Amino acid sequence: MIGWHPQYQYNATQPVKIYSKASVWEKSIIFMKVFFCRPSFKLATTFCLIGLAAASSPMESHADADLKLKIGIIQRFGDTKTDKLKLTPTSGDRLKLEFAVDDKPKTLVTANPLELETVMETLPQPKVQEVLVLGDFRTFETAEDDARNWRSQGIEVEVAQPDGWQVWAKREVYNSPLLRRLLLNSIEASARKSPYKSPYLDTQILEQVPRVSWVVNGQRYSDNNLKITTTKNLVRVNDSEKASRNRLYAGNLNLQPNAYGTYSLINNVPLETYLRGVVPYEIGTKAPGASLEAQAIIARTYALRNVRRFAVDNYQLCATTHCQVYQGLNGAAKTTDQAIAATRGMVLTYNNELVDALYSSTTGGVTAFFSDVWNGEDRPYLRPVVDTAENIWDLSAKSLANEQNFRDFISLKQGFNESTWNIFRWNKETSVEDITWHLQKFLRATKNPYAKFKSLEAMAITKRSESGRILEMAIKTDIGTFTLEKDEIRSAFAAPRSTLFYLQPLNKGTPKIWGYAFVGGGLGHGVGLSQTGAQNLARLGWSSAKILQFYYPDTEIKVLGQGIQPNID
């Protein structure tokens with residue numbers, strides 16, 4: 001999310017013709033479009049997928065500045081009958097609205113705020129909306145691994161996020177009730193199953209559907225697709241009565257249908273401008289410069305690596321912690337803007353490919369393997385690193401997979417990069433009643449048959465990873481014992497802030513177990529860079545490059561245009 005002003009090198013064997021009458025700025029745009037969409041260029045997939053558009057000024061003549069991202073800033077507008085959105089132009093500007101009336105293009109211009117409302121339309125006859133859900137998941141990473149498993153069995157699928165993440169049988173292929181049921185019966189009768197979840201049909205009978213409505217100059221309009229632009233490429237968006245939700249976005253907006261019968265508001269924004277709305281909200285504006293630069297580099301890398309995430313809804317990234325927090329330009333600051341400018345176009349790579357640039361708030365003293373948290377193949381550069389500049393713990397000699405070693409490690413509080421942070425270590429006591437309520441809620445949401453349990457009898461951690469993360473936890477109930485795995489555990493309980501903890505039964509003077517203490521450390525998944533730890537290393541004088549090498553061993557910083565191969569399926 002930050003950037004140098006790098007000098008791009010062109011090594012292709014074929015010359016690029018640029019007409020002599022073109023201006024310097026026009027020539028640069030022609031060059032970038034020809035160069036980056038050449039079949040021989042390894043980044044062609046990313047650049048041509050995202051699309052190139054002229055930057056706002058000659059100062060932004062680098063290829064990375066032209067990359068446009070499609071960010072879902074409001075993902076499910078119309079979920080409720082009272083949903084409203086207020087779009088406001090900046091001072092002296094106007095909103096240009098493009099939509100259709102009776103299938104004919106319509107354009108309106110207004111200097112007034114535009115309020116979008118949800119209007120429920122009664123259908124002439126009930127409509128069946130159905131998908132074959134092949135699995136429910138907490139995270140995209142595990143859903144994506146499940147999708148790969150189905151594809152390897154010859155079943156076409158797509159990843160969706162109606163609420164939590166799901167893998168669906170691809171609707172374009174299994175496009176009738178008969179085909180969906182034939183596939184479900186085939187799966188149930190064969191060994192072609194997901195190792196994670198059981199498939200089921202999600203069938204809804206719709207009598208009403210949401211429509212978006214708005215009024216301009218006393219006339220009401222409604223269309224499924226609405227494009228909003230302004231002369232200044234700035235618009236304020238408010239989805240609440242709260243002034244704090246009045247956010248300023250650069251670029252233009254599209255309101256469009258999604259895969260769930262509602263609508264998404266998409267911000268079409270250049271990559272480097274997008275980063276101005278991410279870095280301040282992910283790490284803050286007061287962090288040391290080197291940590292801001294490190295955050296910007298991995299935020300840029302993360303964005304380009306994950307443009308496939310919301311293909312089912314025809315956009316690329318969301319604006320929440322399921323992707324990266326993006327809240328527009330309200331929080332942009334001199335410190336973060338300087339960091340973005342200082343590292344312009346820079347990305348983190350491994351073997352000339354964009355890395356899976358995962359990061360979290362606080363590791364709890366040790367980072368994790370990818371497979372400690374999600375299902376799927378490990379990344380060589382995402383592996384356990386003791387989060388300290390000192391020699392405090394030797395993982396090769398004292399693996400945290402050993403329970404006693406783990407408890408000894410968690411008892412250590414000083415000398416780590418995160419030691420002064422209030423969530424570096426934590427102890428949360430929770431009653432059996434509260435644990436039961438949260439666990440039942442999680443099991444119902446994931447369609448787990450054990451959701452019907454009435455009483456919790458015992459819990460035990462049965463397997464840890466080398467980094468100390470819980471891989472398996474056994475839950476004994478009145479109807480049987482089941483196992484929670486990896487990142488499921490953070491969803492199933494309210495107490496732990498990470499999977500880096502141990503359980504301590506509590507009686508509190510009663511003959512039965514009153515509850516459990518969750519004793520652990522860190523906040524988040526703990527894979528890759530620690531935002532807290534990076535700040536401490538920067539204060540110790542570490543450069544952004546050294547910080548990134550620490551958290552992502554054997555990686556290399558490169559500039560877009562240096563033959564980097566994107567990891568896009």
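Student: Which helix holds both glutamate 403 and arginine 407?
Tutor: Helices (H or I, at least four residues) and strands (E, at least two) are DSSP runs, numbered from the N terminus. The two residues are four apart, about one turn of the helix. The helix spans residues 403-411 and is α10.

Student: Which atoms do the side-chain values use?
Tutor: This is a predicted model: local features need pLDDT of at least 70, side-chain atom pairs count only at pLDDT 80 or more, and totals for chains, interfaces and linings use all residues. Residues are numbered from 1 along each chain as its sequence is written; hydrogens and water are left out, and side-chain values use heavy atoms.

Student: What joins the side chains of glutamate 403 and arginine 407?
Tutor: Their N to O distance is 3.3 Å. The definition asks for a side-chain nitrogen of Lys or Arg within 4 Å of a carboxyl oxygen of Asp or Glu. The two side chains therefore meet in a salt bridge.

Student: Is arginine 407 buried, partly exposed or exposed?
Tutor: Buried means under 20% relative accessible area, exposed over 50%, and partly exposed in between (1.4 Å probe, protein chains only). Arginine 407 has 32% relative accessibility. It counts as partly exposed.

Student: How many residues apart are glutamate 429 and lysine 508?
Tutor: These two form a salt bridge, with the closest N and O atoms 2.9 Å apart. The pair links distant parts of the chain. Glutamate 429 is in strand β19, and lysine 508 is in the loop between β23 and β24. The separation in residues is 79.

Student: In which strand is lysine 84?
Tutor: Glutamate 117 and lysine 84 meet in a salt bridge of 4.0 Å, N to O. The pair spans 33 residues. Glutamate 117 lies in strand β5 (residues 114-137), while lysine 84 lies in strand β2 (residues 84-89). The strand asked for is β2.

Student: How many of the six residues of β24 are buried?
Tutor: Strand β24 covers residues 515-520. The strand is largely enclosed by the rest of the structure, because its buried residues number six of six.

Student: Which residue in β24 is the bridge partner of tyrosine 502?
Tutor: Two strands pair if DSSP finds at least two bridges between them. Strands β19 (residues 426-431) and β24 pair in the antiparallel sense over six bridges. Strand β23 (residues 501-506) also pairs with β24, antiparallel over six bridges. In β24, tyrosine 502 is partnered by valine 519.

Student: Which are the edge strands of the seven-stranded sheet?
Tutor: The open sheet has mixed pairing and the order β4-β3-β10-β13-β14-β1-β15. An edge strand here pairs on one side only. The edge strands are β4 (104-110) and β15 (317-318).

Student: Which residue in β4 stands opposite leucine 95?
Tutor: Strand β3 runs over residues 95-101. Strands β3 and β4 pair in the antiparallel sense over seven bridges. Opposite leucine 95 stands threonine 110.

Student: What is the phi of aspartate 103?
Tutor: Most residues other than glycine have a negative phi. Aspartate 103 sits in the loop between β3 and β4 and is exposed at 78%. It is not a glycine, yet its phi is positive, at about 65 degrees.

Student: How wide is the arc that the buried residues of α14 cover?
Tutor: In helix α14 (residues 544-551), the buried residues are Ser544, Ile547, Leu548, Phe550 and Tyr551. The arc is that of the directions from the helix axis to the C-beta atoms. These residues lie on the same side of α14, because they cover an arc of only 155 degrees.

Student: What share of the contacts in the chain with a separation of 6 or more joins residues 24 or more positions apart?
Tutor: Contact means heavy atoms within 4.5 Å. The chain has 14 helices and 26 strands. Of its 569 residues, 54% count as buried. The share of those contacts is 69%.
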